[in-house]
Amino acid sequence: MRPLTPLAVLAALAALSTLTACGGAADPAAAQGGGGAKGANGTVTIRIPDPGNAGVLARGKKDGSLDKALAAVGAKVAWTGSAGPFAPAAQAMNADQLDIATGSITSGITSLSQSPGFAFFTATAPDPVGEGILVREGSDIDSVRDLVGRKVAVNKGGTGEYLLLKALAKAGVPADKVERVYLRPDQTAAVFNAGQVDAWAVWSTYAVAEIGSGKAHFVADGTAIGSDNYSLNAVRSGFVKEHPEVVKALYAYLHENSAKEKRDPAAYLNVFTDAGPTAVNGKAKDVQIAFTGKGGTVDPIRPEDIKRFETVARFYADQKVTPNKVDIAAHLLDIEKLS
């Protein structure tokens, strides 16, 4: 399918009434006035989850480059809460507390199957090495087929469940031969390390610490699984309708700086502090640098990307993760034609 034309996009967005997205819970205090609200000087406020201690937005927040890029189109950032799973951000956007968020196509599809009120405007290619099926060192699980009869931790309807189901399908293993244990990603490490599950279908945010500790490894990574799990940026429907120039400026910033991050990953780690729970050091830092260097960049959504999105949507419907095949193409923006 081809991306929607700008007029079709705006018509579709105008018809949407509720919001889901990806990111973290919003801070109500920061959200007062609503996204897109103009201050006394005419500046538009765009609400984005706080990026924490790493990545393009973290560096842009610290060095002022993001403020400068947005000021050029009469906008400024209000950091709302912190980045996290897709579902809480969906609730925040439904409540008009968030304008931009990031998440996986897999979580996006499950959100779109409910009451979508957002559109995706960027695509980052699936992670070839930073996501996969994690097992503890010393485990007797040497292949995906060895998961038969085992317990695997996944986040329901998101990246973890997708990676597991995709890996099993590729290996010819019926999904009901493996027990899925539904857990929040931020609660899974303790369960995994205690041996209460045999494996963990997970992505780099959580895999880096486990692999960096020397206590775990991927039995199959994104390449081996054949993952189509893109990372996407979503924008609240009302915001892009009213302020397309701000969304385009944000895209341009993310596109340019994600390429810089890929070339020099270390410069985008430990942006605010190199100590404490948000810092990445030692072997884990080396692992993260290697993952980022092999990852993708923030790009426009192309026709070939849409075909892969459709493949994921069809797979989710076939696997009964969603009740029907989600029409994801109806919720995509062509950022290069947005006006």
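Colleague: Which side chains meet in a salt bridge at 2.6 Å, N to O?
Modeller: The side chains of Arg184 and Asp186 do; a salt bridge is a side-chain nitrogen of Lys or Arg within 4 Å of a carboxyl oxygen of Asp or Glu. This is a predicted model, in which local features need pLDDT of at least 70 and side-chain atom pairs count only at pLDDT 80 or more, while totals for chains, interfaces and linings use all residues. Residues are numbered from 1 along each chain as its sequence is written, and side-chain values use heavy atoms, with hydrogens and water left out.

Colleague: Is Arg184 buried, exposed or partly exposed?
Modeller: Arg184 counts as partly exposed, at 48% relative accessibility. Asp186 is also at 48% and counts as partly exposed. Buried means under 20% relative accessible area, exposed over 50%, and partly exposed in between, with a 1.4 Å probe and protein chains only.

Colleague: How many salt bridges are found in the whole structure?
Modeller: A search finds 13. One of them pairs the side chains of Arg47 and Asp99 at 2.9 Å, N to O.

Colleague: Where in the chain are Arg47 and Asp99?
Modeller: Arg47 is in strand S1 (residues 44-50) and Asp99 is in the loop between helix H5 (86-94) and strand S3 (100-104), so the pair links distant parts of the chain, 52 residues apart. Helices (H or I, at least four residues) and strands (E, at least two) are DSSP runs, numbered from the N terminus. Arg47 counts as buried because its relative accessibility is 1%, and Asp99 counts as buried at 0%.

Colleague: What does Asp96 pair with?
Modeller: Asp96 meets Arg236 in a salt bridge of 3.5 Å, N to O. Asp96 lies in the loop between H5 and S3, and Arg236 in strand S10 (residues 231-236), 140 residues apart. Asp96 is partly exposed at 35%, whereas Arg236 counts as buried at 10%. Salt bridges that share partners join Arg47, Asp96, Asp99 and Arg236 into one network.

Colleague: Turning to helices, at what angle do H9 and H13 pack?
Modeller: Helix H9 (residues 204-212) and helix H13 (residues 282-294) pack at about 135°, with their axes 8 Å apart. Axes are lines fitted to C-alpha atoms, for helices over the stretch in contact, and angles run from 0 to 180 degrees between N-to-C directions. H9 and H13 are therefore oblique to each other; angles under 35 degrees count as roughly parallel, over 145 as roughly antiparallel, 65 to 115 as roughly perpendicular and the rest as oblique.
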